[in-house]
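Let's take a walk through this assembly together. Have the viewer open and follow along.

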Amino acid sequence: MNRRAWLMLLLPLLVAGCGKGRDERSLVRFWAMGREGEVVQELVRDFEELHPTIRVEVQQIPWTAAHEKLLTAHVGDSSPDLCQLGNTWIAEFVALHALEPLGDWVDRSTTITPRGFFPGIWDTNVIDGTPYGVPWYVDTRVLFYRKDVLAQAGYDAMPETWAEWRQAMTAVKRLAGKDGYAILLPTNEFSQPVIFGLQMNSPLVAENGTVGAFSKKPFRDAFAFYIGLFEDGLAPPVSNSEVSNLYQEFARGYFSMYVTGPWNLGEFERRLPPALADEWATAPLPGPGGIETGVSLAGGSSIVLFRSSERKEAAWKLIEYLSAPAQQLRFFALTGDLPARTESWQHESIASDPRITAFGEQLKRVVATPKIPEWEQIATRIMIRAEEAIRGSATIDEALEALDRDVDVILDKRRWLLEKRGLVPESPTDGDGDAS
Amino acid sequence: MRSHLEKRQRRAAWLFLAPALTLIGVFFFLPIVIGFALSLTDFDIYAIGSIDTVRFVGADNYQSTLGSGEFWNAFRNTAYFVFLGGPLSVIVSLAGAILVSGRLARFKEIFRTLYFAPVITTLVAVAVVWRSLYHPRYGLMNYALAKLGIPAIDWLGDPVWAMPAIVLMAVWKTFGYNMLIFVAGLISIPEELYEAAEVDGASAWQRVLHVTLPSLAPTFLFVSLITLIGYFQVFAEPYVMTQGGPVRSTVTLMLLMYEEGFRWWRMGNASAIAFLLFVITLVGTMIQLKLRKADPA
Amino acid sequence: MNKRMQTVLLHVVLTVIGLVTIAPLAWMVGASFMPVGEAASYPPRFIPSRPTLEHYIALFTRLDIARNFMNSAFITITATMISVLVNAMAGYAFAKLRFGGRDRLFKFLLAGMMIPAQVGMLPLFLLLKNLGLVNTYMGIMIPSFASIFAIFLVRQYVLSVPDELLDAARMDGAGEFRIFWTIVLPIVRPILVTLAAFTFISTWNDFMWPLIILSDESKYTLPVALANLAGEHVQDTELMMAGAMVTIAPVMIVFLFFQRVYYQGIMAGGVKG
């Protein structure tokens, strides 16, 4: 190659090297997932105006890659200052000593107090009495359903017990015919079987989170109920990606109930045909023994502060800003993510919408999944084993026994660590009350 | 004088080799050694928190991996990919090479470039493109099927079709490379052989059968070998297109290793998977090499 | 069947294969210029009804893809230059310099080629962490600076350089480095260009390693950024196609320029391997 060719190749390097301008403000790096990462930029710009000495850099991470990105960043000492973290992941990152304990920060704060949030949700952030995250938005699952179809089937409200609910589904299925179903429970989600298990009071894992409790009676009963919905043709054995257009299918009556989360409120409004605009509703989940047993998942995302951060003061200011009731409402308006601050729920944009208040009702009855680092792995196994049972490649008992075996392997290390105690940050509490 | 020159040359040789050997030693061989050591431990997420939670576990990782349905599922998926995609790729590229090198063919360069273009493309980018082509409703694939009167297939959503869909893309992406190697093999076949066959009155098809294919045997083995090894390491296609789904039907060994290692940080287990993958490719290579030695050509 | 018929038939077949092969790329190009929503129309179309640059503009403004482009360019060019030099030196030493244990060392390296690099990927990550190279450009590049295959390729080529030429230079008192620089390099330039084209294209396209090493969005290479986008904007087909175009175009251009030497490299590796 001649000299000029080399120069041509080098040119981009020089340009790349010179591109950076000087910025005196202290830089807070904030990672947020999925759509939140896109939308939060707008709030962050206002925050920067309020705090001229702080610059916030938001990085958007796809949900599918979030877990490994956070881990490799932590291991590679390149964690951000702040991060949005699904609250089921908190225990894991606490075990890694990655997160800053927020007890003192919360005590000193004039705007953040535990009482300002849904108790079930705040609790998911607390490991051994210490909070490690501040709830950003909340997420739980409720029932979305077609009022018109349900009325046609002879119901003017959503039933509150499993038995009646199942009858209602059977009635809807009869209307839907051979190619239709009553309810969509996507097979690639672990939340439905887990919710049913929690409703039956299953602790999911037993003995201080060291063995699986899936083949024990409470979970087995719940699982049988869940699988039964597929066996009896009330739910189609399909995953999310196999339903090419969920909203069209809902409108078409392919299914008339759907257990899903708040992000679908906006989607349903946008995507359903106008004729159906008033024909759908949401309701808290029915329970095996009435509505008060109809618990759901204490989900959502928190904002956590990394222990390695060198700009904790500035980062904490951003946490306070984002969890202020006014910003929570704004974020709700932008994303449809439900505010974690109970105060924001008084606002009429929320209080006047029965579809949202159903979520509010449900949030009073939410239960955290086991707060152990291995939970995410266990959840994946639940999904895989449940899918096997749904597709008929394993019986209910086979699937659950296999699941317990999987879980035992996953929890082996934790058992060992707890046995020799003292080395691990004290075992997080999990759903106590062994139901067996 | 002479010994002085030799000494000087020896010193120069090591100086010339130093950068490459250091880099290869530190960033290629050393990790493999560490990897083997890791595979005998239970290095996991707790080990990041404090390293003294790492235990030596002997062959446990291998045992539990070989006993897990997840591993065999990934193995089956990978084998499916390799043994469906490998032969398909070799056959398509051989056919392509013979056609494009045909004595009657014009514009050889243009055709060759056309066929080769997918090889150059960035895998992630074409995976994104193919994901759209496979769209059950709007995708080009199902449109083409509809034209042929075949009902639509939910390519990436159906566990039965997801792997074939990925195979199809991989073959499209790689056949040009193999084709080129075959073209090189074809060029080295002496023209006289064809002429002799022609004099004997062999048809074009017979010439392919009796001259081209036997002469290509060594190339054929080589191509099969590199295709096999490469295909066993399939990762990015399922990572971008299906994330291993639906129903884990496209989780390959590499994807499983990635998930175990970097998503769950079960490094011990992941390293065991990596070594099992290595052993599998090694066995494959050995078989091929044996065949090659046994082959008189 | 006469020769004329055969010729026509052959070209029909060749053209059909060509069209099928190029269709996905053609569709990508077309869709990247389509207004929002048009890529998801039935029947699928290749030509935009109203060509627009909006997706490219969005990529370069809102999504700041220029930055990823620069990262890719920097990494690729640096890695290419360094690796060509490193491997050329080693290949030359193995071919022409005499020293004890040379052949055994070379055989050892060749045997190592059978080990897929992925086997060491996890420990390599831990190693780079200890060197402080995670989430750096250097961390992406350094494992690809030296390659056994490249050394092999150079060695095979250098073997054809006559020994007399080198010995004559030695007699004239030229140092070994000078001999390498002024005599050997110019002769082996073709294989180095081939090597550079190879390295350029494979580094540009590399996905798994940068995906693992980089956590900072501002350091993402194009393929990683594209996979990131693809995870977020599943429904924005046209935007994704524009992103795919931007990712593929540079390697395509390099390839069209160096097509011949690239082929030669593959054929050389293929025949001798």
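## Two domains in chain C

What distance separates the centres of domain 1 of chain C and domain 2 of chain C? Taken over C-alpha atoms, the centres are 32 Å apart. Keep in mind that this is a predicted model. Domain 1 of chain C covers residues 1-52, and domain 2 covers 54-272.

The two domains do touch: 10 residues of domain 1 of chain C are in contact with eight residues of domain 2 of chain C. On the domain 1 side, the touching residues are seven nonpolar, two polar and one charged.

## Where chain C meets chain B

Turning to the contact between chains, 75 residues of chain C are in contact with 74 residues of chain B. Several helices of chain C each supply at least two residues to this side, among them α1 (3-32), α3 (65-96) and α9 (176-205). The largest share comes from α12(C), with 15 residues.

How do the residues of the side of chain C that touches chain B divide into nonpolar, polar and charged? There are 57 nonpolar residues, 15 polar and three charged.

## A sheet in chain A

Over in chain A, four strands form an open sheet with mixed pairing, in the order β8-β11-β7-β12. β8 (183-184) and β12 (280-283) of chain A each have a single partner strand, so one side of each has no neighbour in the sheet.

Strand β7 (residues 142-146) of chain A pairs with strand β11 (residues 257-260) of chain A in the antiparallel sense, over four bridges. To find this pairing in your viewer, look for A:L143, whose bridge partner in β11(A) is A:V259.

Methods. Residues are numbered from 1 along each chain as its sequence is written. Chains are lettered from A and ligands numbered from 1 in the order in which they are written. This is a predicted model: local features need pLDDT of at least 70, side-chain atom pairs count only at pLDDT 80 or more; totals for chains, interfaces and linings use all residues. Domain bounds come from an automatic or database domain assignment. Two residues are in contact if their C-beta atoms, placed from the backbone, lie within 7 Å. Ala, Val, Leu, Ile, Met, Phe, Trp, Tyr, Cys and Pro count as nonpolar, Asp, Glu, Lys and Arg as charged, and the others, Gly among them, as polar. Two strands pair if DSSP finds at least two bridges between them.
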